[in-house]
Amino acid sequence: MDKVNLAEKFAAFSDHWAPRRVAGYNGNDIRIVKVEGEFVWHTHDDTDDFFLVVDGELDIELRDRTVTLGPGELFVVPRGVEHRPVARRGEVRLINIEPGGTHNLGEGSPQRPVVEG
């Protein structure tokens with residue numbers, strides 16, 4: 001039970017689209033991630049997808065609209081909704097909360113490793 005300094009955790013890595021687990025609660029992972037450019041279109045059949053922007057500007061593309069998030073703003077993509085995060089205007093640092101073991105590319109997709117960070 002130690003506090004988490006997000007600035008230190010973000011400074012410890014430079015790769016994009018590679019989440020780091022920094023804490024957990026009630027079976028959920030609290031992950032930080034740096035993103036730049038486009039991710040892939042995907043869905044999560046069994047869970048919502050939580051995004052909280054710490055720094056930068058992130059677009060969450062949905063098939064019918066785009067939600068733009070700035071620092072301190074969050075958005076929850078409901079389970080089963082196809083979406084694609086996009087960082088068009090430079091690097092974005094964000095917090096993502098999902099049940100432990102959730103696949104980053106959606107269920108049934110190859111898992112991208114979540115590193116303890």
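Predicted model: local features only at pLDDT ≥ 70, side-chain atom pairs only at ≥ 80, totals over all residues.

Reader: What makes Asp-15 and Arg-20 a salt bridge?

Author: Their closest N and O atoms are 2.9 Å apart. The cut-off is 4 Å between a side-chain nitrogen of Lys or Arg and a carboxyl oxygen of Asp or Glu, so the pair qualifies. Arg-20 itself is buried, because its relative accessible area is 12%, and that is under 20%. The charged end of Arg-20 also sits over the ring of Phe-13, 4.3 Å from its centre.

Reader: Why is the pair of Phe-10 and Phe-13 called tilted?

Author: Their ring centres are 6.3 Å apart, and pairing asks for centres within 6.5 Å. The planes meet at 35°. Stacked would need under 30 degrees and edge-to-face over 60, so this pair is tilted.

Reader: And what makes Trp-17 and Phe-39 a stacked pair?

Author: Here the centres are 4.7 Å apart and the planes are at 20°; that angle is under 30 degrees, so the pair is stacked. Trp-17 lies in the loop between α1 and β1, whereas Phe-39 lies in the loop between β2 and β3, 22 residues apart. Both Trp-17 and Phe-39 are buried.

Reader: How do you know that Glu-61 and Arg-88 form a salt bridge?

Author: The N to O distance is 2.3 Å, and the rule asks for within 4 Å, so the two side chains meet in a salt bridge. This pair links distant parts of the chain, with Glu-61 in strand β4 and Arg-88 in strand β7. Glu-61 is buried, with a relative accessible area of 8%, while Arg-88 is partly exposed at 45%. Both belong to a network of salt bridges whose members include Glu-38, Asp-59 and Arg-84.

Reader: How many salt bridges does the rule give?

Author: The count comes to 13. Another of them joins Asp-29 and Arg-21, at 2.7 Å from N to O.

Definitions and conventions. Residues numbered from 1 in each chain as written. Heavy atoms only, no water. Buried < 20%, exposed > 50% of the residue type's maximum accessible area, 1.4 Å probe, protein only. Helix = DSSP H or I, 4+ residues; strand = E, 2+ residues; numbered from the N terminus. Phe/Tyr/Trp six-rings, centres within 6.5 Å; stacked < 30°, edge-to-face > 60°. Lys NZ or Arg CZ within 6 Å of the ring centre and 35° of its normal.
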